[in-house]
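Have the structure open while you read.

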Amino acid sequence: MKLSQFRFRLPEEQVALYPPHRTFTNADGTVERIYSRDQARLMVIHRKRQTIEMYKKDADGNDTDQFLSFRDLVDYFDEGDTFVFNDTRVFPARLFGTKEKTDAQIEVFLLRELNPELRLWDVLVEPARKIRIGNKLFFEEDGPMVAEVIDNTTSRGRTLRFLYDCEHEEFKRELYALGSAPLPRYIIDRRPTEPEDAENFQTIFARHEGAVTAPATGLHFSRELMKLMEIRGFNFAYLTVHCGLGCFESIEVEDLTKHKMSSEQVIIGEECCKLVNEAKQNGRRVCTVGISTTRATESAVGTDGLLKPFDGWTNKFIFPPYDFGLANTLISNFYHPESTMMMLTAAFGGYDIVMQAYELAVEKGYQFGCFGDALLILDD
């Protein structure tokens, strides 16, 4: 397929800058938001029937004028169905420092720690043209956190050595205290980072630190919704994908077969495989929650259709046409035009029906992006 086949007009006001919320204006004029993770809209595709649902039903089974909410997804599953979640934990990867001598402000985006003993980190810097090997960056006016640039890795990539003499855990605490939630550029270019972002840009089941962006679809799951799912008898399986920035990289080629995805670390344990494979062998639904989870399971599924333990990296790029080997149900967000996330969604649901769903989402005012509304694709 071609890149241009995933192009559509997305109005700027339909890019979600915050999670689902209600807004209140206090007596002093300040604005307060009450967040509700599971109150995003939900659209449902039945891929075999080639139908789309957007509205709640009345007692007679007819559409009402009320949109489905994310919490309504429990009505589409049965006891024994298994959801596969990504339990990566996002760390506060965006820092701001000043360059020695010039005092120019530099954004430093932490990607991964390369060597804990030497305090080496792989980072992105902006503006990159000002940062060269040998430069020092200061992250507090009078504080001890200083880094030296020791290598260029890409046009914006650098290797930093932090000059901070203490125990590693203390260093990490101090470093992270200087950082903020690594919201996507399409959000921070339109509003500043806020304290609530540290919680809002993290799933409630996050455990294993290593992601520089959140597994967005997982953000919709509240504690109340998870409890309701547990009561309904649904199973939860967890794997880890340390989400990187590859999903936000622009595709520069029209022929999608020529695009190369950046690699992400994936860890799938025996317990996850056991839960998923039992569900599949018993004819239950296996629902992957989000794009990163689906890429991971497709990287670790065997020719027998069962999930295998995996500990490594994947750069799997999925776009139509593609035969999925594991999941028969997918939950995704609505994503930007020409994004790799949109392409995987189209591969799972079928290009024509997914593009129809995207057209309806734009027409009906759905929200897009990591804090946007959700799409459930069922194999019926």
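The crossing of α7 and α8 is right-handed, meaning that the near helix is turned clockwise from the far one by less than a right angle. Bear in mind that this is a predicted model, where local features need pLDDT of at least 70, side-chain atom pairs count only at pLDDT 80 or more, and totals for chains, interfaces and linings use all residues. Residues are numbered from 1 along each chain as its sequence is written, and side-chain values use heavy atoms, with hydrogens and water left out.

**The helix pair**
- The axes of α7 (residues 340-349) and α8 (residues 351-363) come within 7 Å and cross at roughly 125°; axes are lines fitted to C-alpha atoms, for helices over the stretch in contact, and angles run from 0 to 180 degrees between N-to-C directions.
- α7 and α8 are therefore oblique to each other (under 35 degrees is roughly parallel, over 145 roughly antiparallel, 65 to 115 roughly perpendicular, and the rest oblique).
- Helices (H or I, at least four residues) and strands (E, at least two) are DSSP runs, numbered from the N terminus.
- On the α7 side, M342, T345, A346 and G349 meet Y351, I353, V354, M355 and Y358 of α8, with contact meaning heavy atoms within 4.5 Å.
- By class, the contact of α7 with α8 has seven nonpolar, two polar and no charged residues (Ala, Val, Leu, Ile, Met, Phe, Trp, Tyr, Cys and Pro count as nonpolar, Asp, Glu, Lys and Arg as charged, and the others, Gly among them, as polar).

**The open sheet**
- Nine strands line up as β4-β3-β21-β20-β18-β7-β16-β17-β19 in an open sheet with mixed pairing; two strands pair if DSSP finds at least two bridges between them.
- At the edges sit β4 (51-53) and β19 (310-314), each pairing on one side only.
- From one strand to the next, the twist averages 20°.
- α8 packs on this sheet, touching β3 (42-46), β4, β20 (329-333) and β21 (374-378), and its direction makes about 155° with that of β3.

**The barrel**
- Six strands close up in the order β9-β10-β11-β14-β13-β12, with antiparallel pairing.
- Neighbouring strands here are turned by 45° against each other on average, direction ignored.
- The β9-β10 hairpin has five residues between its strands, and K101 in the turn has a positive phi of about 75°.
- The β10-β11 hairpin has four residues between its strands, and R119 in the turn has a positive phi of about 60°.
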